[in-house]
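I opened this notebook to record what I looked up around the ligand and in the sheet. The entries follow in the order in which I consulted the structure.

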Amino acid sequence: MTKDEKEKGISAIAEQISLCKKCRLYEQALHPVPGDGSCNTEITFVGEAPGFYEDQQGIPFVGRAGKLLEFMLKQIGYKREEVWIGNIIKHRPPENRDPLPDEISACQDYLNHQLEIISPILVVTLGRFSMNHFLPDAKISVDHGKVQKADKFTIYPLYHPAAGLRNPQVKKNLLIDFLRIPEILENVKNGH
Ligand code: URA
């Protein structure tokens with residue numbers, strides 16, 4: 001697929017998301033948050049769901065967790081606009097509650113379709129909801145930082161930046177795992 005075809009495909013999905021009523025979350029959300037960044041990237045980052053600021057702006061990871069994500073991206077030589085950043089859930093759950101199983105299943109085709117179009121070499125999941133979308137039996141405390149194959153994607157599960165902001169030990173592990181992304185990407189490219 002050319003860059004242009006990818007961009008058209010990603011815009012078409014964003015349009016579908018803006019009209020989505022497959023679950024209750026659209027009712028209280030201000031804006032849909034379909035995803036952001038380059039669809040011509042080797043790496044995608046997938047979080048959980050929009051929070052307060054994301055809902056205000058329609059852009060993922062623009063609050064405190066987003067600042068930490070941007071800081072970590074800079075450490076490995078990327079700007080946020082050079083990668084694609086999205087979420088499992090495209091409308092903000094009220095009061096930032098955890099997404100419910102029926103909301104996750106109602107929303108999952110959007111992410112699957114987005115990733116099929118982008119076709120990244122590495123999908124970095126942020127937090128357990130995102131990890132469990134691809135790896136239903138994985139446990140974040142055990143499996144963070146371990147590359148795993150899931151169907152057609154290579155998954156690198158990391159702790160969620162918001163969890164890192166709450167717990168210094170988690171932040172330390174998150175940073176250690178994050179700094180390995182370039183090496184992991186090279187390994188995947190070389191078929192290791
Ligand atoms: N947390 C997420 O999981 N996603 C966002 O977009 C913002 C915070």
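**Entry 1. Backbone contacts of the ligand**

How far does a backbone N or O atom of F61 lie from an oxygen atom of the ligand? I read a distance of 3.0 Å for this pair. I note that the model is predicted. I then looked up the cover of the ligand: on its own it has 240 Å² of accessible area, and the protein covers 91% of this. For E48, I found a backbone N or O atom 2.7 Å from an oxygen atom of the ligand. For A49, a polar backbone atom is 3.0 Å from a nitrogen atom of the ligand.

**Entry 2. Shell and site**

I listed the residues that surround the ligand: G47, E48, A49, E54, P60, F61, N87 and H160. Sorted by class, I recorded 3 nonpolar, 3 polar and 2 charged residues in this shell. I also checked where the ligand is placed, and it sits in the largest pocket.

**Entry 3. The sheet**

I turned next to the strands. I found an open sheet of 6 strands with mixed pairing, and I noted their order as β1-β3-β2-β4-β6-β5. At its edges are β1 (36-37) and β5 (148-150), each of which pairs on one side only. As background, I recall that strands of a sheet pair through backbone hydrogen bonds, either parallel or antiparallel.

In which sense do β5 and β6 pair? I recorded an antiparallel pairing over 3 bridges, with β6 spanning residues 153-158. For Q148, I looked up the bridge partner in β6 and found I155.

Methods:
Residues numbered from 1 in each chain as written. Predicted model: local features only at pLDDT ≥ 70, side-chain atom pairs only at ≥ 80, totals over all residues. Heavy atoms only, no water. Near = heavy atom within 4 Å. Polar contact = N/O pair within 3.5 Å; in protein donor to acceptor, adjacent residues only side chain to side chain. Areas by Shrake-Rupley, 256 points an atom, 1.4 Å probe, with all protein chains shown as cover. 1 Å grid on protein atoms, 1.4 Å probe; cavity = no way out; pocket = protein on both sides within 12 Å on 5 of 7 lines; lining within 4 Å. Sits in = over half its atoms within 2 Å of the grid points. Nonpolar A, V, L, I, M, F, W, Y, C, P; charged D, E, K, R; others polar. Pairing = 2+ DSSP bridges. Helix = DSSP H or I, 4+ residues; strand = E, 2+ residues; numbered from the N terminus.
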